[in-house]
Amino acid sequence: MTRRKNVKRLVYIAIPAMVVLLIGAALTTYFWQMRLQKPVEMNMAHHLMAAGMTDMAGMEHMAGMADSSFVEGGVSCVSLTAPESSAPVRKFDLTAARTTLKLDNGKSVDAWTFNGSSPGPELRVKEGDRVVVTLHNKDIEDGVTIHWHGIEVPCSQDGIAGVTQDTVPPGGQFTYTFMATTPGTYWYHSHQMSSIQVGKGLLGAMIVEPKEGSESDTPTSETTALYQQLGSSMLLNGSTQGLAVPGRPGDNVRLRLINSGNETMEFHVDGAPFRVVAMDGHDLHEPGQLEHTIVPIGAGQRYDLLIQVPAMGKVVVGSPSAKSLPITIGSGSEPQLSEGGQPFSFIDYGTPSPNDPILQVQPDRHFELVLGQNLFVKSINGKAFGEIPPMIVKEGDHVRITVSNVGGGDHPFHVHGHVFRVLSKNGVALHGSPVHLDTLLTKKGETYELYLEADNPGLWMVHCHNLKHASMGMSMMLNYEGITTPYRVGTRSGNLPDL
């Protein structure tokens, strides 16, 4: 009888107690994550003056690295601006505002827009232009900024709330000035509460046209195709109806695909062979013809495809994650839809550049980053935003970064202010075209070696471009020695770049 009573006590007391403990642990972890997302105040120039790194010259592991130049006698990010020049000036005005958009399927969506639309206007400039964009905030209460994704701007123009500027409040404005140095496909978006504001619609495409001629030797027409997730609606160039691209047999079409959402999109091309001619705005060397190939484009990435319209029928480009938004090129009969296909691999695509100097460079710094997940937190090296030591470099350093994805989903690895070179994947060196990116799609189990030249002094965010992952902690800094900032991230200032 006594034994039965003890068992009942165990059931009625111990099990509820365990449930309470589990709930308490979950709540504690959740609020810890919220604290990381919403710190009271952090100076991102030296929030942690510690960085685990390997000095390849001395082969020494250095932890707890600190540099007094971060505190005294530094150069402010604010002073790092575009040099004066006599280049042609292209001026734009973008007004951020709350808007009710009526989509072409008849639905109305409460959105945040640039100049009354989402995506905002496509900004098209020429290589070498001086770009001047004035941002006006009409009524976005939490403020707004603009980050120029993939464009190597000066530190003060990167648009990161609390790092390079204060968020622009309602009624305020901020003018961005930078040089359009590299032709290619780029995009812009708010980097204040980015996971929220991009999802609400504060984004747009930016195209830098080459100064002379086209980006390939073949005469082409071109079309930008920006995919976005606006609330519950998947849109293509702001439409729910897909995209029709005119083309006559024999025409060459350059299709600029932009994935501004949070999830990886896998594209197929039916009806004609194609080439991947550029990734993240950077042309590939002698790209080969592809068929029955699936092209995965990670969040934030851009791929340019070159497609020749066939003699008969049309070409259809689409993705299972946007079934109702196909891109049709040309006219005539529908092509036979492919089933499956080999995933596109840039390891051996195209041909190497002759006398490639990068392969002979010995790195000055080597960082290892492990992308993963701890309970509710997306982590880098087991830590989350605000607790991750920055990668600290000097101007002129040759930097090698090893990035490994150990779980928690696809992690598109994005570095601000720089373009990096992909050297290897899972230990296999690239032996096709050199691949230069600003955002690298990584999947679970993959490890990449990257090369970066520290040639743009500043304070730069490094984060997963699944912006929900960034908001859950997968965000850190790449800081140059001696660079400071007067701005602060946190609830006190209202600057929350990756919420």
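Residues are numbered from 1 along each chain as its sequence is written, and side-chain values use heavy atoms, leaving out hydrogens and water. As this is a predicted model, local features need pLDDT of at least 70 and side-chain atom pairs count only at pLDDT 80 or more, while totals for chains, interfaces and linings use all residues.

Let us start with confidence. pLDDT is the predictor's confidence in each residue, from 0 to 100. The protein averages 90, and 86% of the residues score at least 70. Over residues 49-71, however, the pLDDT is below 50; this stretch has 53 contacts in the model beyond near neighbours in sequence (contact means heavy atoms within 4.5 Å).

Next comes the sheet. Strands are DSSP runs (E, at least two residues), numbered from the N terminus, and two of them pair if DSSP finds at least two bridges between them. Six strands form an open sheet with mixed pairing, in the order β13-β12-β15-β20-β17-β18. At its edges, β13 (233-236) and β18 (282-283) each pair on one side only. Strand β12 (residues 221-230) runs antiparallel to β13, joined by four bridges, and Tyr 227 stands opposite Leu 236 in β13.

Finally, the cysteines. The whole structure holds one disulfide (cysteine sulfur atoms within 2.5 Å): Cys 77 is joined to Cys 155, S to S 2.1 Å. The two lie 78 residues apart, Cys 77 in the loop between β3 (75-76) and β4 (89-102), Cys 155 in the loop between β8 (147-149) and β9 (173-179). Buried means under 20% relative accessible area (1.4 Å probe, protein chains only), exposed over 50%, partly exposed in between.

| Residue | Relative accessible area | Class |
|---|---|---|
| Cys 77 | 1% | buried |
| Cys 155 | 0% | buried |
| Cys 464 | 3% | buried |
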